[in-house]
Amino acid sequence: MKRLRALVSAVLVAFLYPASSLAHHSNVAYEVTKGITITGVVQKFEWVNPHTWLHVEVDDGKGGKVVWECEGRAPGVLGRAGWSRTVLRPGERVTVDMSPAKDGSKTSIIARVTKADGKILSNQPVFDDRGN
C-alpha cells in the first residue's frame with residue numbers, strides 16, 4: 001500500500017509540477033503587439049532566474065527622471081544569445097526596444113538592447129549550423 005501511495009504521489013507530481021512551473025512564463029501582462037523604445041542609463045542589471053531584470057533611468061519629458069524595469073529572458077537563454085552577467089553595467093547608456101506593461105506601469109519585456117557603441121544584444125539564442 002505504501003508503494004502504491006508513493007507511485008500515485010510521484011505520478012501526480014510529474015503531471016502537476018510542470019504545469020505550475022510554466023504557468024508564470026506568460027507574456028499576458030505585456031502589450032506584445034506594441035513596441036516602444038526608450039534610451040537611458042543603466043541603474044542595475046540583475047542576472048537572476050527565472051528572468052533577468054534591467055533597470056533603466058530615462059528622462060520623463062518634464063525635467064525629471066523615471067526608472068523602467070525591463071524583464072528579460074532567463075540567464076541560460078541570454079547566455080546562449082551572447083549576454084553575460086557583466087554585459088550591462090551601471091552608468092552605461094542603452095536603448096531598449098520593448099513591449100510595455102498593459103497596466104501602464106513603467107515595466108516592460110525586452111525585445112533587444114542596443115549599447116552606446118552600437119552592439120545589439122538580442123534575446124534570441126545563437127545556434128551554430130548543427131543546431132547547437
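Is Asp59 buried or exposed? Asp59 is exposed, with a relative accessible area of 53%; buried means under 20%, exposed over 50% and partly exposed in between, with a 1.4 Å probe and protein chains only.

1. Basis. The model is predicted: local features need pLDDT of at least 70, side-chain atom pairs count only at pLDDT 80 or more, and totals for chains, interfaces and linings use all residues. Residues are numbered from 1 along each chain as its sequence is written, and side-chain values use heavy atoms, with hydrogens and water left out.

2. Salt bridges. The whole structure holds three (a side-chain nitrogen of Lys or Arg within 4 Å of a carboxyl oxygen of Asp or Glu). In one of them Asp59 pairs with Lys65, the closest N and O atoms being 2.5 Å apart. Lys65 is exposed, at 54% relative accessible area.

3. Glu92 and Lys115. Their closest N and O atoms are 3.0 Å apart. Glu92 sits in the loop between α2 (75–80) and β4, and Lys115 in strand β5, 23 residues apart. Helices (H or I, at least four residues) and strands (E, at least two) are DSSP runs, numbered from the N terminus. Both Glu92 and Lys115 are buried.

4. Arg112 and Asp97. This salt bridge has its closest N and O atoms 2.8 Å apart. Arg112 is in strand β5 and Asp97 in strand β4, so the pair ties together parts 15 residues apart in sequence. Arg112 is partly exposed at 36%, whereas Asp97 counts as buried at 18%.

5. Contacts of Val113. Beyond its neighbours within four places in sequence, Val113 is in contact (heavy atoms within 4.5 Å) with residues including Leu54, Trp83, Leu88 and Ile120.
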